[in-house]
Amino acid sequence: MPTDDEQVLTLARGIERYLEKHPNAADSLEGIQRWWLIRNRYAEDTLKVERALERLIAKGIVVRRILPDGKAVYSGGKAESNQGL
């Protein structure tokens, strides 16, 4: 059975693959868990998805933006950096 760290890495790779196919995608943690990862048949808990997102943020692959209502939205870091061009 995979360890928690292995599961987080697998989730991070799934999110990264989704962003490669959908570079302008942006969604909340719940949306990512429900829509981005469901296609890969992940039924992971929110904490693991959040850890995967944090790992991708640290690598510059994902950016987190906080909306006025306090909700976080995640998107591809590359798409975000190209918006000003």
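Student: Contacts between residues at least 6 apart in sequence: what share joins residues at least 24 apart?
Tutor: 50% of them. Keep in mind that this is a predicted model.

Student: OK. How many helices and strands are in the chain?
Tutor: 4 helices and 3 strands. From the N terminus, the order is α-β-α-α-β-β-α.

Student: And the core. Which residues touch the most other members of the largest nonpolar one?
Tutor: Ile15, Ile32, Trp36, Val49, Leu53, Val62 and Tyr74. That core has 19 residues.

Student: Which elements give two or more residues to this core?
Tutor: Helix H1 (4-21), helix H2 (29-36), helix H3 (46-58) and strand E3 (72-76). H1 gives the largest share, 6 residues.

Student: Take Leu53. What does Leu53 touch, leaving out residues up to four places away in sequence?
Tutor: Ile15, Leu29, Ile32, Val62 and Tyr74.

Student: Leu29 and Ile32 sit in H2, then. Which residues of H2 are buried?
Tutor: Leu29, Gly31, Ile32 and Trp36. They lie on the same side of H2, because they cover an arc of only 160 degrees around the axis.

Student: What covers the buried residues of H2?
Tutor: The cover includes H1, strand E1 (26-27), H3 and E3.

Student: Switching to the whole chain. What percentage of the residues count as buried?
Tutor: 36% of the 85 residues.

Student: And the accessible surface of the chain, what does that come to?
Tutor: About 5,700 Å². Carbon and sulfur atoms account for 51% of that surface.

Terms used. Residues numbered from 1 in each chain as written. Predicted model: local features only at pLDDT ≥ 70, side-chain atom pairs only at ≥ 80, totals over all residues. Heavy atoms only, no water. Core = buried A, V, L, I, M, F, W, Y, C linked by side-chain atoms within 4.5 Å. Buried < 20%, exposed > 50% of the residue type's maximum accessible area, 1.4 Å probe, protein only. Contact = heavy atoms within 4.5 Å. Areas by Shrake-Rupley, 256 points an atom, 1.4 Å probe, with all protein chains shown as cover. Arc of directions from axis to C-beta.
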